[in-house]
Amino acid sequence: MAEKRFKILLGKPGLDGHDVGVKVLAHALVDNGFDVVYSGLRKPIDRIVGMAVENEVDAIGLSILSGTHLVLCEQMKDEMSKRDLAIPWIVGGNIPDDDVAAIERLGAMAAFPTGTGLDEVVDYFKKLAKEKKRTV
Amino acid sequence: MSKTESKGKKDKTRGVVLESGIEVDPLYTPESINATGSPADIGRPGQYPFTRGIHPLMYRKRPFTIRQYAGFGTPTETHERFLYLIANGQTGLNVAFDLPTQTGLDSDDPMATGEVGRVGMSVDTLADFEEVFEGIDLDKITVSLTINGSAIVLVAMYLAVAQKYGFDLKSLRGTAQNDILKEFIGRGTWVFPVDPSVKLVVDIIEYCASEVPKYSPVSVCGYHIRESGANPVQEMAYAFCIAKAYIDETLRRGMDIDEFASRLSFNFDIHGNFFEQIAKFRGARRLWAKIIKEEYKAKDDKSCWLRMIAGGGGGGLTKEQPENNIARSAYYALISALSGTQTMALCSYDEAYTIPTEKAAEISLRTMQILIHEMGICDTVDPLGGSYYVETLTNQMESTIRQQMHEVDGWGGIVKLIASGDIQKAISQQAYEREKAIQDGRLLKVGLNCYRKEEEARSVGFHPYSEENARTQIARLKKIRKDRDSERVQKSLARVRKDAEDNRNLMPAVIDAVKAYATVGEITKALKDVYGEYEEPIYF
């Protein structure tokens, strides 16, 4: 039986309309063998988490560039615990260094600020996939 | 991936190819100009087809307008910032709004949590504009509103505040961005579905043509299309197709091209190859003039003018060694001036990772002032005119942009391609190719993938977000909702709905609602009741 491929939901929570980066990452992940689901713009956190469940994804990536990351990560934490989910999630975008630890404390596995290379993020997901013993 | 790589290597051995796909010769001669176009097309500045500029004397008569993007937090803070910018010699204001305002939500909407006043000024009611523009000579300072999805409400508010402070609408100059079609490609502050969105853009164009004749009711933005991943030719071609969509819709209302075309304006991007950008603007200016005259049969030369703000694009700046961005931006400013722009704005050097600090914003302002006052850039018109290379490339850019526009029409037209997401998909693929080219060193960015040095990593930064300011704004909104004449508000909102259903021009009804202190969210909601909301095609 063919092994299931590692599936990632890329989400754009909040009102931020900057989607160049998240789409570039989506292309890179697909090129590297991942299954990618994209939420589209301006989705509330509960919708994004709902999409993650419906699509049975293995991980969630949130792209946030407007500076609202702490507010949205707080909502993410609440939503994940409300639904008792353990899907790993990460955040990318305009993230000040000082906020990385705070985001991780809220339950994100990692935070990738502006300037992070595509390879670094792709490798991170590869590592997660390996841990979950999924093919890429 | 390997296909692109081998193509890139081949290009390198074969020659120099611009982003737009045009090959560059090592030397240009008078024959190059003749081989690519008609020398008569170069013409004179101020004369059709305006290759060398839309005015006979250009900056010799008046330098380009400097207009930096500003606006954050509360109306009070924005007001102070504007007074500071005016005192420092800025002649135009460019207002940034927060995301709730841009997407038609009130400050107390649940989706607005954490966003009130964050990336720009928050506006809920006319009271906010009354505070921001108090004491500013609206008939002298040109005000540009960076607003699209909710443009009809904010333009109505601007006109209402100008009237309230005693300015004649006929004397108002300034610009509303009001280019919704590009929001579906990049930036993403759409609200309504595509067709009613275009209708609202045209309502503003139509209304302003008769009531606010000196105001530019739309600024068609190639800028964000380029920033989303388009090449320079696509930037111009898509922007022109979008502008034509607005023109076609306006003409369908029975207006004459010469009644409004002269007030259309454009917003373009600058980054990438120096000469390619200059030729892009010169070629596009000529092409636009020809389109308006030949296709739309304009009789007034002014209708044929490509009036533009052209500024340094954020896409060219790097987070690495950010001070290098000061040098880049100075070149972008030079490109802009050599291209005959009407208005200039530069990104600040720290904009790749933060909202500009005061110091960085000042360096941008000074960069443009140095160009005007020290470099002699205003002494003579179109100093590159006649250059074998620039004129040849101008010819090539003109024909390549025209060709790209034909392709868009052949695929079903820009509105259809945007509604289906096909344009967005193509651009997104290109953005990925560009990123890969940077990552594997085919596209060089100094300090990023060459001449890198170990430096202290710079953290991304934001203006500290003020919860207190957000609370103040919300409290203010609630007070206005309580104090206003609610019957008048409800009546005015009912009129907005009725006029939308009857397919009337909505400006009069929205102005009426704004004057009754109906909120941005309420007026947008009334329109959503009739038009529904845009459903984004999901693609990448």
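**Salt bridges, core and interface in a predicted model**

Me: Which residue does B:Arg187 meet in a salt bridge?

Reply: This is a predicted model. In it, the side chains of B:Arg187 and B:Glu183 meet in a salt bridge, at 3.0 Å from N to O.

Me: Is B:Glu183 buried or exposed?

Reply: Buried. B:Glu183 has 1% relative accessibility. B:Arg187 is buried too, with a relative accessible area of 16%. The cut-off for buried is under 20%.

Me: How many salt bridges over all chains?

Reply: The structure holds 45. One of them pairs the side chains of B:Arg52 and B:Asp382, 2.7 Å from N to O.

Me: Where do B:Arg52 and B:Asp382 lie?

Reply: Both are in loops of chain B. B:Arg52 is in the loop between α2 (30–36) and β3 (65–66), and B:Asp382 is in the loop between α14 (358–373) and α15 (388–410). The pair therefore ties together parts that are 330 residues apart in sequence. B:Asp382 counts as buried, at 8% relative accessibility.

Me: And B:Arg252, what is its salt-bridge partner?

Reply: B:Glu249. Their closest N and O atoms are 2.5 Å apart. Both residues lie in helix α10 of chain B, three residues apart, which is about one turn of the helix.

Me: Is B:Arg252 buried or exposed?

Reply: Exposed. Its relative accessible area is 63%. B:Glu249 counts as partly exposed, at 22%.

Me: Which residues do salt bridges with shared partners join into one network?

Reply: B:Arg495, B:Lys498, B:Asp499, B:Asp502, B:Arg504 and B:Asp512.

Me: Switching to the nonpolar side. How many residues are in the largest core?

Reply: The largest nonpolar core has 117 residues. Those with the most contacts inside it are A:Phe125, B:Phe64, B:Phe240 and B:Tyr246. Helix α10 (residues 232–252) of chain B supplies the largest share, 12 residues.

Me: What does B:Tyr246 touch?

Reply: Leaving out residues up to four places away in sequence, B:Tyr246 touches B:Asp179, B:Ile180, B:Leu181, B:Val198, B:Val201, B:Val202, B:Ile205, B:Val218 and B:Val220. Apart from this core lies another, of 59 residues, with B:Met121, B:Ile136, B:Ile147 and B:Tyr215 among them.

Me: Where is B:Asn231 found?

Reply: In the loop between α9 (223–227) and α10 of chain B. B:Asn231 counts as buried, at 13% relative accessibility. A polar atom of its side chain lies 2.9 Å from the backbone nitrogen of B:Val233. Not counting residues up to four places away in sequence, B:Asn231 touches B:Glu19, B:Ser20, B:Arg226 and B:Gln430.

Me: Now the interface. How many residues of chain B are in contact with chain A?

Reply: 35 residues of chain B, against 39 of chain A. The two chains bury about 3,000 Å² between them, and 61% of that is on carbon and sulfur atoms. In chain B, B:Met111, B:Tyr432 and B:Phe540 lose the most area to chain A, together 23% of what that side buries.

Me: What is the salt bridge count between chain B and chain A?

Reply: One. The side chains of A:Asp31 and B:Lys436 meet in a salt bridge, 3.8 Å from N to O. There are also 12 residue pairs in polar contact between the chains.

Me: Which elements give two or more residues to chain B's side?

Reply: α4 (99–102) and α17 (422–439) of chain B. α17(B) gives the most, with seven residues.

Me: And by class, what does that side have?

Reply: Chain B's side that touches chain A has 15 nonpolar, 10 polar and 10 charged residues.

How values were computed: Residues numbered from 1 in each chain as written. Chains lettered and ligands numbered in written order. Predicted model: local features only at pLDDT ≥ 70, side-chain atom pairs only at ≥ 80, totals over all residues. Heavy atoms only, no water. Core = buried A, V, L, I, M, F, W, Y, C linked by side-chain atoms within 4.5 Å. Buried < 20%, exposed > 50% of the residue type's maximum accessible area, 1.4 Å probe, protein only. Helix = DSSP H or I, 4+ residues; strand = E, 2+ residues; numbered from the N terminus. Contact = heavy atoms within 4.5 Å. Buried area = accessible area lost by both parts, 1.4 Å probe. Salt bridge = Lys/Arg side-chain N within 4 Å of Asp/Glu carboxyl O. Polar contact = N/O pair within 3.5 Å; in protein donor to acceptor, adjacent residues only side chain to side chain. Nonpolar A, V, L, I, M, F, W, Y, C, P; charged D, E, K, R; others polar.
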